[in-house]
Amino acid sequence: MAQRGKQTTSDRLFRRAMIVLFTLIFAGFGAGAYGLVSVQLINGAEYNAKAKESQLRDTELAARRGTIYDINGAALAQSASASKVYINPNSLDKAVNKAEILDALCGELAPILGITAEKVRRQAGYVKNNYMALQGQVDIGAMEKVNAFRSQELIVQERTDDPDYPDGIKTTKATYKYYVGVQPDIIRFYPLGNLAANVLGFTGAEDIGRAGLELFYNRTLTGTPGRIVSAKNAADADLPIDYESIYDPVPGHSLVLTIDEVVQRYLERALEQAKIDAKAKAAYGIVMDVKTGAVLGMACAPNYDPANYQQIHDKELRARIASIADEEEREKAFNNAMMAQWRNGTLELTYEPGSVFKTITFSAALEEGIVDQDTHFSCGGSIRIANRTMRCHKQGGHGPQVLAEGLMNSCNPFTIWIGQQLGVEKFYKYFEGFGFTEPTGIDLPGEYSPRKGVNIHAQENMGIVELASCSFGQSFEASPIQIITAVSAIANGGRLMRPYIVERELNEDGQVVRQTQPVVRRQVISENTARQIRVMMEGVVVSGTGKNGYVAGAHVAGKTGTSQKLSDPEGGYVASFCAFAPADNPEVALLIAIDDPQGMINGGQIAAPPAAQIMENVLAHKNIEMRYTEKEQEELGGSTPDMSRRPVGEAKSYLEQAGFRVQVIGEGAGVLHQIPEPGQSIAKGGLVILYTDGSESNHTVTVPKLTGMSINQASREAAAAGLNVKLTGNFDSNGLITYRQSIPAGSRVPLGSTVTVHFVSNIGVIDSAEGGDTAGDAVEEAAEPAED
Amino acid sequence: MARDETLEWGAPRRPEKKQPLAQRLFAYGGFDFPFMLIVTVLLCVGLVMMFSASYVNALKHENDAYYYIKRQGIFAVLGLVTMLGLSKVNLNVLRGLAIPAILVAFALLAAVLFYHTNFGEFRRWLPIGSRANPILTLQPSELAKMALILFFAYAMEKFQRPSYALSRDAGLISGRGTRIRRFALRWWSTGLYMAVLLAMVALIYLENHISGMVITLGIGALMIFIGEQRIPLWIYVALVGAGVLVVMTVLKNPSILPEHAAARIESFKDPMSDLQGAGWQTYQSLLAVGSGGWFGQGWGKSIQKHLYLPEPQNDFVFAIVCEELGFVGAFVILLLFIALVWRGFMIALHTKERFGSLLVIGIVLQVGLQTALNIGVVTAVLPNTGIPLPFFSYGGTALLMLMAEMGIVLAVSRVSREIKR
């Protein structure tokens with residue numbers, strides 16, 4: 001304070017000036033200071049939080065989704081970085097030259113993104129929004145073009161209320177980036193196309209699994225998304241200053257499947273062909289390692305492309321839907337077909353297992369000691385249960401049979417009789433034991449779960465009539481995975497496994513974080529019973545209804561099945577064949593189910609041949625040794641010795657002595673090349689071409705049609721064309737007809753090449769009343785499943 | 001309080017002998033260095049902060065980040081020169097300007113009502129050049145404030161003795177006039193000040209310039225309070241009390257006011273209730289101030305200036321200061337302003353000449369009032385009225401004016417006893 005002594009102003013002025021000074025400082029500045037304390041110190045955190053809400057952009061960084069590999073490390077599903085392109089309809093709406101800009105977006109940007117101009121206009125119509133996505137999952141190639149487009153210069157003329165612009169139009173130089181934005185996205189690739197599509201499933205928007213493994217293991221695959229928190233200005237643009245804090249995403253784990261790409265390919269190719277051959281609606285197949293329950297292959301035909309899951313993959317079906325005139329109908333049909341193709345029929349299709357189930361009834365009876373191998377039953381064509389007559393599929397009956405013959409013939413009355421001997425209680429014990437009352441627990445979504453009173457009988461509601469129909473696989477429903485798991489239990493010494501499809505889980509560094517251990521659900525039947533059934537089932541393939549499932553040297557055991565679909569209002573049949581090999585020490589089990597075949601409907605007719613083909617390939621791929629009988633050895637012929645670099649004369653006489661026909665081409669003294677290649681097996685009397693001049697590429701022949709004829713005829717045709725033929729199938733039956741050749745008719749191949757010709761027999765493979773060489777109803781008044 | 005004043009000092013006697021021209025025009029002796037130091041520091045800090053607050057806006061709207069700082073910088077340099085120049089002016093020159101200044105001020109205040117820029121509803125800018133897009137604009141109310149200070153200081157010195165005594169000395173009354181006449185002769189100076197002040201306030205009100213009106217009224221009233229000591233203190237206390245009562249009532253029941261005014265009050269009471277217009281600016285200001293916390297985001301690191309807070313270089317520059325420098329920085333700046341006011345008062349109270357004394361008090365009051373009101377608005381303690389912060393807010397002519405006033409304070413400080421011990 002001023003020294004009073006030196007004061008020069010009047011007392012009153014001094015006093016009043018001081019009042020003003022202190023009032024100003026304490027009241028005026030005090031209020032300001034109070035404001036600062038209140039806003040900054042007391043409520044600062046609250047205001048700061050509110051400010052951050054509008055100032056910060058919290059961008060989620062998608063974590064890289066895990067890869068799905070097959071057992072050998074081939075990638076089946078993989079993620080890669082991509083981009084999402086969006087527009088700002090709000091800014092666009094303010095532009096004076098909106099129409100012009102929109103035309104550029106529709107004309108130039110839309111084609112790059114592969115979207116329609118209508119979509120651009122529709123999205124641009126949401127004029128209140130600053131963000132409308134145009135297209136997600138745009139890959140790097142397309143993004144280059146998108147960015148080139150975005151970098152084009154543009155005069156922005158915006159309507160504005162800003163008084164700085166008296167004419168209401170603000171003009172700035174900019175680029176299309178002003179209206180078109182880009183943000184990171186992730187694209188999911190399926191490198192092998194539609195292979196194993198129904199197993200893998202697909203991811204929808206936001207990289208979320210929607211079906212199959214992608215859905216079931218979505219959490220594992222997704223990982224933890226990261227975040228970028230960055231500051232933005234009020235116009236929503238990033239600040240030039242470094243405000244970013246980044247939280248790294250944790251990539252998802254990868255899955256290694258039990259699926260083997262090679263097996264899967266064999267399975268899919270065969271199913272596709274079988275579906276076409278049988279004119280069926282669909283075909284389903286599972287290949288399983290019987291010892292562990294690991295699924296080696298699982299497929300549906302038709303399937304779909306997971307990368308374009310909203311397209312109908314089946315060409316025929318697509319064409320049929322496109323031809324529907326009524327738009328509403330067409331859309332409905334399209335949606336139904338789309339949903340149908342996503343379904344994994346091996347888990348979801350429910351059908352009466354039919355005769356395949358007889359193996360279960362036989363197992364139960366053997367295990368319970370009710371029958372043995374010497375049990376006799378005479379089939380007179382029908383059996384009377386309570387007041388109903390149930391017929392055999394063979395009119396007039398099979399006559400007297402021992403147990404093995406009963407299964408081989410797929411005899412209904414024999415099986416019904418065995419069921420009656422078992423009684424409801426014991427039958428149900430095995431019905432439950434083999435897993436027909438519960439889902440198998442495979443690690444895939446959507447598995448069929450049986451419900452008592454709806455899909456299956458409850459034990460307390462099962463009378464002798466129901467028992468009779470159940471014992472040969474009718475009047476209840478099961479899914480393919482249930483059936484193959486049950487049959488695999490027989491193959492696996494009575495141990496029922498839990499099927500699984502993920503072998504191990506890998507973290508981002510490729511380290512194993514989880515290894516699936518096979519789970520034995522229970523021992524259903526004894527090792528001894530299982531062995532007996534296996535022998536009987538091999539008999540089915542060697543000389544019973546499953547003879548078309550025969551593979552030379554492989555010792556395939558199997559059982560055919562043909563059944564009506566209960567739950568489908570349109571009815572129809574399911575033809576199936578379930579097999580495993582080798583019968584004495586099974587490794588691989590296989591189930592083929594053909595949904596709604598036209599014409600031939602029996603499992604032995606249409607499901608067994610593709611099964612044999614798959615089995616042969618799978619066993620070879622898995623290096624399972626073929627053990628041929630002498631007879632088979634003879635049919636197979638010899639393998640061609642290596643003649644290269646030998647003098648022509650010596651080679652010729654050696655081969656002729658070994659029983660081959662020889663043709664020498666060229667004037668050279670020594671053998672340069674031979675066809676077939678050394679070590680290939682060809683029939684006795686097969687043709688070997690020896691080249692001495694390297695001109696083999698000049699000698700080609702056209703492969704003739706070798707299907708639909710007797711095997712002798714096919715052999716003759718092949719020889720006439722200068723080709724070797726390798727016949728595969730079960731020779732131990734009558735009425736053999738070739739049905740498939742390994743090289744399509746009409747293609748040109750080197751002279752002497754080997755064409756593998758598969759043949760089947762349509763005699764004695766019928767296990768149902770319809771469509772075969774016998775007539776009449778198998779079951780009259782077959783018991784319907786209980787209604788409640 | 002009717003007793004006659006005992007004069008301690010009066011108007012300087014007219015010099016007996018004519019001084020040389022230079023001595024009549026210029027002031028001599030040293031000026032108050034601390035005051036000049038505070039002014040310079042505030043000016044520099046103000047420029048730096050205004051730059052930080054303005055560059056985003058400048059880049060966005062003018063395509064040049066330095067648009068505002070370049071202009072403000074030029075005026076700052078001009079201002080410094082003006083300040084130093086005016087600090088040499090003899091107070092007699094200023095005395096001579098008092099009457100012309102007030103006349104010109106009133107003329108301009110009246111003229112602007114009829115000839116003004118067409119920026120919205122406001123009639124406060126006098127355009128130089130075309131009306132729609134003027135080269136330069138002049139705010140007569142800014143000039144008027146200075147003219148008022150000058151006039152009051154001049155008049156309060158001249159009529160410092162009670163007008164009654166003056167009149168008697170002049171032989172206007174012969175000891176016993178009528179009561180009315182004696183009353184008039186006793187109070188005419190007080191009446192004159194009030195009439196001038198009210199006329200000026202009324203004209204500024206007509207310009208639709210509420211903040212200018214409040215400041216002018218504040219300066220005028222306080223100068224009358226200090227300089228015209230005939231009015232007893234209790235009347236002021238009663239007036240202030242009544243004023244506080246009115247404000248409290250209005251704040252409690254805004255509905256007694258016309259609708260648009262009531263809305264303003266409501267929006268002041270809860271800035272978040274009305275996020276359009278003025279409420280939006282206040283809300284964004286609060287977010288900026290609040291984000292500062294104790295130590296701030298660091299210089300240049302405000303986010304609110306990135307187009308959230310409208311025109312952060314103008315009235316709300318202090319919000320950005322708070323955001324970047326925090327409570328500590330803002331409080332130091334507040335202390336600088338208090339120091340300026342304090343030092344100004346010390347200069348005034350140690351000046352021999354009443355004219356200089358009141359002149360400095362008027363000028364310093366203007367700076368102090370504007371600062372206090374501005375900070376009050378920024379922290380939402382007061383309603384948003386649009387008062388710039390001296391030394392900080394963008395505005396070239398206003399800065400030049402301010403620096404000229406600081407020069408006058410320095411000129412007075414040359415004759416202040418404080419620095420001539």
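Tutor: Let us begin with chain B, where 71% of the contacts between residues at least 6 apart in sequence join residues at least 24 apart. Please keep in mind that this is a predicted model. Chain B has 14 helices and 2 strands, and 48% of its 421 residues count as buried.

The part to look at closely is the pair formed by helix H12 (residues 317-349) and helix H13 (residues 354-378) of chain B. The crossing of H12(B) past H13(B) is left-handed.

Now turn to the residues that meet. On the H12(B) side you will find Phe318(B), Ala319(B), Leu334(B), Phe337(B), Leu340(B), Val341(B), Gly344(B), Phe345(B), Ile347(B), Ala348(B) and Leu349(B). On the H13(B) side they meet Ser357(B), Val360(B), Ile361(B), Val364(B), Val367(B), Gly368(B), Thr371(B), Asn374(B), Ile375(B) and Val378(B). Sorted by class, this contact has 16 nonpolar and 5 polar residues, with no charged ones.

Leaving out residues up to four places away in sequence, Ala234(A) touches His306(B), Leu307(B) and Tyr308(B). Ala234(A) has 18 C-beta neighbours inside 10 Å, so this residue counts as partly exposed. Within chain A, Ala234(A) and Gln55(A) are 179 residues apart in sequence, while their C-alpha atoms are 7.3 Å apart.

What of the rest of chain A? The secondary structure here comes to 23 helices and 33 strands, and 46% of the 788 residues of chain A count as buried. Among contacts in chain A between residues at least 6 apart in sequence, 72% join residues at least 24 apart.

One feature of chain A to find on your screen is an open sheet of 5 strands, in the order E12-E11-E23-E22-E21, with antiparallel pairing. Strand E12 (295-301) and strand E21 (557-564) of chain A are at the edges; each has a single partner strand, so one side of each has no neighbour in the sheet. From one strand to the next, the twist averages 10°. Within this sheet, strand E22 (residues 573-581) and strand E23 (residues 588-595) of chain A pair in the antiparallel sense over 8 bridges. Ala581(A) has Val588(A) as its bridge partner in E23(A).

Helices pack on this sheet too. Helix H10 (residues 261-277) of chain A touches strand E11 (282-289), E12 and E23 of chain A, and its direction makes about 30° with that of E12(A). Helix H20 (residues 603-621) of chain A lies across E11, E21, E22 and E23 of chain A, running at about 30° to E22(A).

A last stop is strand E13 (residues 376-379) of chain A, which holds Ser378(A). In a regular strand, side chains alternate between the two faces of the sheet. In E13(A), Phe377(A) and Cys379(A) make up the covered face, while His376(A) and Ser378(A) make up the uncovered one. Ser378(A) is exposed, with 12 other C-beta atoms within 10 Å. E13(A) runs antiparallel to strand E16 (residues 399-402) of chain A, joined by 4 bridges, and His376(A) stands opposite Val402(A) in E16(A). Apart from neighbours within four places in sequence, Ser378(A) is in contact with Gly399(A) and Pro400(A). Ser378(A) and Gly399(A) are 21 residues apart in sequence and 4.9 Å apart in space, C-alpha to C-alpha.

How values were computed:
Residues numbered from 1 in each chain as written. Chains lettered and ligands numbered in written order. Predicted model: local features only at pLDDT ≥ 70, side-chain atom pairs only at ≥ 80, totals over all residues. Left-handed = near helix turned anticlockwise from the far one by under 90°. Contact = placed C-beta atoms within 7 Å. Nonpolar A, V, L, I, M, F, W, Y, C, P; charged D, E, K, R; others polar. Pairing = 2+ DSSP bridges. Axes fitted to C-alpha atoms, helices over the stretch in contact; angles between N-to-C directions. Buried ≥ 20, exposed ≤ 12 C-beta atoms within 10 Å, placed from the backbone.
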